[in-house]
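Hello,

Here is the structure we talked about handing over. Please have a look at it first, and then read on for my notes.

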Amino acid sequence: MTERKPAGVSFESWVDKQIRESEQRGDFAQLPGFGKPLEGLDRPYDEAWWIKAKMEREGMSVLPPALALRKEAEETLAAVPGTRTEAQVRRMLDEVNEKIAEAVRRPPPGPLLNLEPFDVEAVVEEWRTARRSS
């Protein structure tokens with residue numbers, strides 16, 4: 001616990017002394033991100049940055065579950081061309097297909113899902129064709 005500020009010492013000098021002593025003990029050297037640039041300095045200021053960071057860390061989404069699944073399906077399909085192996089393509093599509101199948105069985109709250117599982121063989125064939133032509 002931090003000691004109490006002695007009488008007759010200004011807050012500024014008392015705080016400066018505590019910081020200096022902590023630096024000398026090396027208390028700051030073990031902090032996460034020590035010596036690395038601060039994240040997001042190149043981005044425009046956003047008043048809700050800390051809320052968005054917390055939601056990302058906690059795996060939360062502001063989208064209703066159905067829309068979040070639609071977004072995930074779109075992102076997965078967009079990531080297919082950059083995938084290196086057929087096994088990875090199949091794994092990615094199978095993971096999303098499982099989520100879609102679960103959402104069809106038990107519709108999530110919010111808007112309609114309007115998704116069908118991917119035709120894995122058709123997507124893999126498109127992937128193969130694109131790989132051959134490049």
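This is a predicted model, and the protein chain has a mean pLDDT (the predictor's confidence in each residue, from 0 to 100) of 87, with 97% of its residues at 70 or more. Confidence is lowest in helix 1 (residues 11-25), at a mean of 83, and highest in helix 4 (residues 86-105), at 95. Helices here are DSSP runs of H or I, at least four residues long, numbered from the N terminus.

Two notes on conventions. Residues are numbered from 1 along each chain as its sequence is written, and side-chain values use heavy atoms, leaving out hydrogens and water. Local features need pLDDT of at least 70 and side-chain atom pairs count only at pLDDT 80 or more, while totals for chains, interfaces and linings use all residues.

**The largest pocket**

The largest pocket holds about 770 Å³ of space. A pocket is an open set of points on a 1 Å grid over the protein atoms alone, where a 1.4 Å probe fits, with protein on both sides within 12 Å along at least five of seven lines. Grid points are joined across faces, edges and corners, and the volume is the space filled by probe spheres set on the points. Its lining (residues with an atom within 4 Å of a point) has 22 residues, and R43, W49, K52, A53 and E56 lie nearest the centre. Helix 2 (49-58) and helix 3 (65-79) are the elements that give two or more residues to this lining, and helix 2 has the largest share, with six. By class, 11 lining residues are nonpolar (Ala, Val, Leu, Ile, Met, Phe, Trp, Tyr, Cys or Pro), nine are charged (Asp, Glu, Lys or Arg) and two are polar (the others, Gly among them).

S22 lies in helix 1 and is buried, at 13% relative accessibility. Buried means under 20% relative accessible area, exposed over 50% and partly exposed in between, with a 1.4 Å probe and protein chains only. Leaving aside residues up to four places away in sequence, S22 touches D27 and F28, where contact means heavy atoms within 4.5 Å.

R90, in helix 4, is partly exposed at 22%.

Finally, N114 sits in the loop between helix 4 and helix 5 (120-133). Its phi is near 50°, a positive value in a residue other than glycine. Most residues other than glycine have a negative phi. N114 is exposed, with a relative accessible area of 63%.

Best wishes
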